[in-house]
Amino acid sequence: MPEINRRQRQKLGYAYTFLSDPKAEVIRRYDLLHRGAGPKGTDVARPAEFLIDPSGTTRWVNLTENITVRARPEQVLKAFDEMQGKVVLRNYGQYGLLPGAIDGALQNQ
Amino acid sequence: MLIASMSAGAKKSWNWFLWIGFLFALAGFFSYTFFAQFPITRDFPWANLLLFAVGGILLVLGLFRAFGKPWVYRGKILGPILAILGIFMFGFFSYVFFYVLRQVPPSTGAPRVGQKAPEFTLSDQDGKDVSLRDLTSRSKAVALIFYRGFW
């Protein structure tokens with residue numbers, strides 16, 4: 001699994017960390033298991049995004065109603081800014097669809 | 001005699017409204033994987049519904065031609081067939097997008113805002129162990145994205 005992640009990460013040019021959860025242990029711990037929804041009836045995760053602060057507390061959660069709808073980078077960045085207590089007039093639009101947008105933006109802080 | 005010579009000799013026009021309408025319906029049905037690349041058309045299938053709408057209008061116009069002026073236009077048999085296929089494609093697309101893709105588990109046990117995110121240790125892309133504590137200790141925030149690995 002890490003091997004597949006490494007190849008995919010290189011192929012897509014992303015800079016952030018990919019973790020693999022082959023037995024879906026963490027997926028279960030987060031109650032995100034979607035039984036039989038994967039290829040050949042395997043269990044996968046339903047899509048979900050979380051923003052966690054340095055104390056390990058969840059500060060923002062995105063659980064969509066539709067499988068294809070995911071958080072956009074600018075939504076995560078906005079949640080991050082709010083978490084910092086900032087009202088930042090950031091041009092969220094510039095991050096758009098660029099891969100590595102979240103990683104790049106957080107590094108720029 | 002006049003009628004006989006009309007149907008024998010008159011050349012009927014190709015009913016292109018039917019064909020183009022059907023093509024639009026096909027495009028509406030198959031193009032979601034393309035439009036899914038853009039959040040605006042992925043979150044709600046505006047483009048696909050628009051393609052189906054245009055296709056539907058053309059098919060209806062084509063049917064009007066086929067049945068309204070059958071001596072001018074073809075399509076009294078093909079028209080209904082293409083229209084039914086178009087309706088079926090639209091129906092199936094809507095069923096998948098607005099019902100099947102919404103069959104998501106409730107995930108009521110997922111951490112909510114204010115709760116501690118469950119601790120874990122997993123392998124990263126280089127086979128190294130990474131724990132949530134490692135990540136939170138060296139950053140202002142951690143974006144944890146559970147990516148459904150395919151769809």
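1. Start with the sheet: it is open, with three strands in the order S5(A)-S4(A)-S3(B) and antiparallel pairing. Strands pair if DSSP finds at least two bridges between them, and the labels are DSSP runs numbered from the N terminus (helices: H or I, at least four residues; strands: E, at least two). At the edges stand S5 (58-62) of chain A and S3 of chain B, each with a single partner strand, so one side of each has no neighbour in the sheet. From one strand to the next, the twist averages 15°.

2. A quick word on what you're looking at: this is a predicted model, where local features need pLDDT of at least 70 and side-chain atom pairs count only at pLDDT 80 or more, while totals for chains, interfaces and linings use all residues. Residues are numbered from 1 along each chain as its sequence is written, and chains are lettered from A and ligands numbered from 1 in the order in which they are written.

3. Now the link between the chains. S4(A) and strand S3 (residues 142-146) of chain B run antiparallel, joined by five bridges. Look for A:Glu49, whose bridge partner in S3(B) is B:Ile145.

4. What about the whole contact between the chains? Here 48 residues of chain A are in contact with 44 residues of chain B (C-beta atoms, placed from the backbone, within 7 Å). On the chain A side, strand S4 (residues 48-52) gives the most, with five residues. By class, that side has 27 nonpolar, ten polar and eleven charged residues (nonpolar: Ala, Val, Leu, Ile, Met, Phe, Trp, Tyr, Cys and Pro; charged: Asp, Glu, Lys and Arg; polar: the others, Gly among them).

5. Over in chain B, helix H2 (residues 16-30) packs against helix H5 (residues 46-68) at about 160°, with their axes 7 Å apart. That makes H2(B) roughly antiparallel to H5(B) (over 145 degrees, on a scale from 0 to 180 between N-to-C directions, with axes fitted to C-alpha atoms over the stretch in contact). Among the residues that meet are B:Phe17 and B:Phe24 from H2(B), and B:Leu51 and B:Arg65 from H5(B). This helix contact has 13 nonpolar, five polar and one charged residues.

Technical notes:
Parallel < 35°, antiparallel > 145°, perpendicular 65-115°, else oblique. Contact = placed C-beta atoms within 7 Å.
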